[in-house]
Each structure stands twice: as structure tokens, then as C-alpha cells.
Amino acid sequence: MASQEKITVYNLADLKNTSDDALTNYLTSLKFTQSHRLTDVRLALGYSAFLLSAACFLWDYKLGFESTKYLTAAAVAVYTILNSALTFWIFYVEKGTVYEGTSPSKSTKIKVSTKTNKNEPVYHVTVEVEDLKSKGGKKRDVLTISRPFADWFDAAGRFVAQPFQTALATGVPAIGEVDVKRVAAVTKKEEVGGAAAGYTPELLEALANAGAVGGEGDASGIDAKKGGKRRKA
Amino acid sequence: MLSSLGSPRQAAAQLMNFGLILSTAFMMWKGLSVITDSPSPIVVVLSGSMEPAFQRGDLLLLWNRNVIEETSVGEIVVYNVQGKDIPIVHRIIRKFGTGPEAKLLTKGDNNPADDTELYAAGQDYLNRKDIIGSVVGYIPFVGYVTIMLSEHPWMKTAMLGIMGLVVVLQRE
Amino acid sequence: MYSSVVRLQNTFGFFTTVAFVVASLVSLSDFLSARTPTVDLLKTTSLQVVKGRPHYYSSKKEEYAIIKFSLDADLSSLFTWNTKQVFVYVTAEWPSLGSQNNTNQAVIWDKIITAPSSDHLANIGPIERKRLKKSAGGKPIDPSRGKLQLKNQRYKYQITHPSGRIASQEDVVLKLHYNVQPWVGILTWNQEQTWGKWQALKGAASKKFALPALKKKDEGKKNKTTRT
């Protein structure tokens, strides 16, 4: 089970990757429709470059260098172009995008990119929200959330879903609309406790020990179902 | 970490990253080949016949184009002999004629005799086409790794395995 | 596992970078030291053409030119901290029929001059090595080794032509060449043109001479690659 898997809390890449995966799973569980456009283009570029070099390797191996050198020169040029296109795509188009998709009601399109800075255990999330319903020009909103990973990882390196989902649902109205319970939960807690992530050690322990999804403290029936999906994914 | 291989796209991306590391290294090598016009632009010295200039394990950078002038006497060249797998690095000591038909004789600085014995049966001289490059640059020791790898094949397997594992298991 | 692998990678990467940068700087330093090689004298002292066989079992008879020469050159400026050895060689060059260029070139004599830092690599006997090492007087660089004074030097490699004929060949010229082998970096040869702080090697060619006619004498058994 995903939540039982421990990661090294000092490994920023692990923290980010686990959170990225959880983010996608969470949105999928909310019936968001994921678009794989960005990944597919990246894979197409990468694999065509790889196949080209494989072909180059084969003809070089079978026919030798001298008889194929002009073909090889062309292959090197095309490979360079494909690889630069791939680099460009990753750095200027994807820009750390981990999720792209539309809401269940097809009213909004969201694009989530995340990043971390070296030696700073903070999850920076940028969400681009596009309102598909509004006519006369696209309406775009850009939201940013920056939260420490400590909010949803316990000291042992176990991921705790609830505060993570709460942070997203509260920070992004487009998600909040779909998952009202999470928003409500946090507002109440914030009113009472005043802290952004007011989770008592007892609650965290309960969550960690729970094992089964239903054990999550204030999770409603719907949440449990979502959680179950997330964990299997 | 392994759970990151859950989605087929993510698995494909991980595999691609590993593939691209290999293919980029290969294409860089081929690019260098194309620029220098040599099938093997970097070679590792395997014998001591050019000592003290070159020792076993030294890395030589080759150039195989005749932009300014023809390959001539005094140059250290790497050549192939028909029917022999391993290229030889020796100095040209005689050249008769010009152009692709010029007759070239080589000798290792450290060898008492010229290379006539090393050539194919009935071959007295090399031609320009037998040469895969002239030595232009020198880096000591670095090539020793490849000698180690070829003498102990298990090291090669182990290294490739570790490389693959690190790349697949570790996302950037 | 993660952090140890990464640390190992980083350490190795850092080490490689530092080594690469240092090596590049060392090899670039070559361009900063002036090279002023000179040849004061290069002339033939004795010429002879004899008939012989390429090897003992060969029935083919070829003409061999046997050349002795005198050389006075100063290559001491080629020895810097990045010089591993200087390979000095003298070629005989002559034109083919109907050609203006010297299309035939053959090395008749060569010498490996090791820098004291590479004396231990030279292929010489222990006594000779000891003497060589002593000659440097403990210095890592010994430019005095670049001073060459040869009188009536015997050929090291007798020369012939694939046609087997070389007697009475006109317009032959001897030339001095050198090849500087670095500890790291690019290999360099003598230049025709001055380039930066590196001067061209002037006077590297002897006067043109003609080889004598054939002298009746069989030297077939000790030919080619005769060592001095």
C-alpha cells in the first residue's frame, strides 16, 4: 500500500516525486480527465531519437563506417535536432508540469506544475486554471501554493493524504469545487487551531496505523472511496 | 520508488531516459567520427611499441582529414591490417609517391625493425586508405579503464547493470 | 542507498572536472612558452650506394643509399614542464621523375630525447638509464638535452625506393624534423611558419646533392633497420 511505503525525508527528489504521484492520483480520484498531450509529445520525441540512433548503430555495425558515413552524418544532425527539441519541450513547454486535465464538469481546465528549490523542503505548486465556459476570450488564472513537505509527510517518511489533499482543495478553487469536504475541513480547523496544518501527533499516528482507508479520521464515505482508488493506483 | 513505474507512461519515460543516455553517448561518438572522418576517433594504446611516448592505457585523439597537406613522414598513425582485428599505432618513416596510391612504411619508435612483418602477407607498404587517423592529441592513463573492462568482461556487465539500475530507480 | 550513490557520483564528477580543467590548463600552457629552435648545420659527409637484398631469403636485389651527415641544432627551447619527449628525425627527400615536389621521403636517422621526467620510461639498459638520470642533475626539465651536435653520424636506416633504384639520384635533400610529445595535450611538429610564440624551424634542410653511382659491393646480409 502506497501510504505504508517510506521514503527518506532528506531526499528532496523523493519527496517531490511522491507528492507529484499523489497529486495525479488525487485529481484522478476526483474524476478529473487527464490529458497526456505533453508526456506523449515528449515520449514521441525521445523514442524517435532513440530509434534513430538504434538504426544508426545497426547500419554502422553491419556495413561499416566508410560506406555509411554520409548517412551517419545526417543521422547525427537529425538526432541533434530531435534531442534539442526534446530539451526545449521539457524546459520551455512542460516546465515541470505534472498534471494537465479538465474538471469532471468540463468547465475548467487545469495545468499543475511543481518544483522544489535546492536545500529547501518546500513544495511549490503552480496551477494554471482556464475557464472553458466563459465566452469572449479565454479567462486564465494562475495560482501558486507553497507548502512545506512536512505538512503531509510524517517523521518516518510516510505520506499522509489528507493534509495534502486539503492543501490543494483549499488553494485551488477549481479543485475545491469538486472536493468540498476537504475545503470545509481546513477552514474549520484553521478557525479553531489557527495553524495551516493543525494535525495533532495522535491524528497522524492514527492515520499511519490505520492501514485501511476507512480509518481516516474525518473522511466521509466519498473520501474513503476516493482514497481507496488512490491507493490502488 | 518502484511504485513510480506504476503508470505505463511513467515507465516508458524512465526507460526512455535510460535509452537516451546510451544513444546520446553513441551519437556523440558518431558525431566525432563524422567530424574527424575516422571510424574510431579516440583509441586506447594497447602495446608498448611507441614507448616512451605512449604507454598502455593512454588515450589518443585522431584526425583523419587531409585539409592542409597529405599524411606524411613523421606522423603517428593508427592503421588497420587486413585480417587483423586490432589497429596499430606507429610512426610513418617512409613515403613514396603522393595521393591515395602513395606507399607508406611505418615503425614503432620502440621497435628495432619496421612494420613489414606486421602487414598482411605479400603487403610491403600501407596505403592512405589503411589509415584510420593521425594522432593529434594525447591524454595519459584515462583509457586504462577500457583495458580493465575488456580484460575482465564481468566488470562491463556489472557497470552497465548498475548504470541501468541507478537511472531507472532514480527520477530527476 | 540514494545518498551514498549520489555522493559517490558527485565526488567522481567533481574529481573528473578538476582533472579535466587542470589537464587543459597544462596543455594550454604550451602556447605561452616560446619555441626558438635553430639548425646551424646540416650537411652530408659521406654518400654511398650499394646493392643488397631486403632480407636474407630474398632473391630481389635493391640499391641502398648509405648516408652519413653532420648536424648542429639547438632544440632546447622545446623542453618545458609539459614535454615528455622530443622525437628528432632526419629525412632524405627527393623528387620522382617528372615531379617538382619531393614525393619520396625516408627517415635515415632518429632519436628519442626523453625529458628527465620520463627517463624511467625510456627503453634503455639500467646502466645507460642511470647515466641518463644523472645527466639531468635532479632537474625535472633539462633543456641542454635539446642541443644536438653530431659529427659524421652514421645512418640508422639505409634507404631505397620501391623501384629498387636510387643510384645517381639527383636533387636529394636532408631535412631535420622534430615531434614534441606532451605529457597531456596536442602533439606538435616543426613548423614552416612562425605561429604565436612558436618560431618556424629555419635552415632545417641541407643543400641539394646527388647520390653517387652504384658501388660494387654486396651488403645484403646487414641491411635495413641497422641500429646504431
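Trainee: Which residue is the bridge partner of A:Gln34 in β2(A)?

Mentor: Strands of a sheet pair through backbone hydrogen bonds, either parallel or antiparallel. Here, in this predicted model, the partner of A:Gln34 in β2(A) is A:Gly101. Strands are DSSP runs of E with at least two residues, helices are runs of H or I with at least four, and both are numbered from the N terminus. Residues are numbered from 1 along each chain as its sequence is written, and chains are lettered from A and ligands numbered from 1 in the order in which they are written. Local features need pLDDT of at least 70, side-chain atom pairs count only at pLDDT 80 or more, and totals for chains, interfaces and linings use all residues.

Trainee: How many bridges join β1(A) to β2(A)?

Mentor: There are 2 bridges between β1(A) and β2 (residues 97-102) of chain A, and the two strands run antiparallel. Two strands pair if DSSP finds at least two bridges between them.

Trainee: In what order do the strands of the open sheet lie?

Mentor: The order of the 5 strands in chain A is β1-β2-β3-β4-β5, with antiparallel pairing. At the edges are β1 (33-34) and β5 (139-148) of chain A, each pairing on one side only.

Trainee: Is B:Val142 buried, partly exposed or exposed?

Mentor: A residue is buried with 20 or more other C-beta atoms within 10 Å of its own, exposed with 12 or fewer, and partly exposed in between, the C-beta atoms being placed from the backbone. B:Val142 has 17 within 10 Å, so B:Val142 is partly exposed. B:Val142 lies in the loop between β6 (131-139) and α2 (144-151) of chain B.
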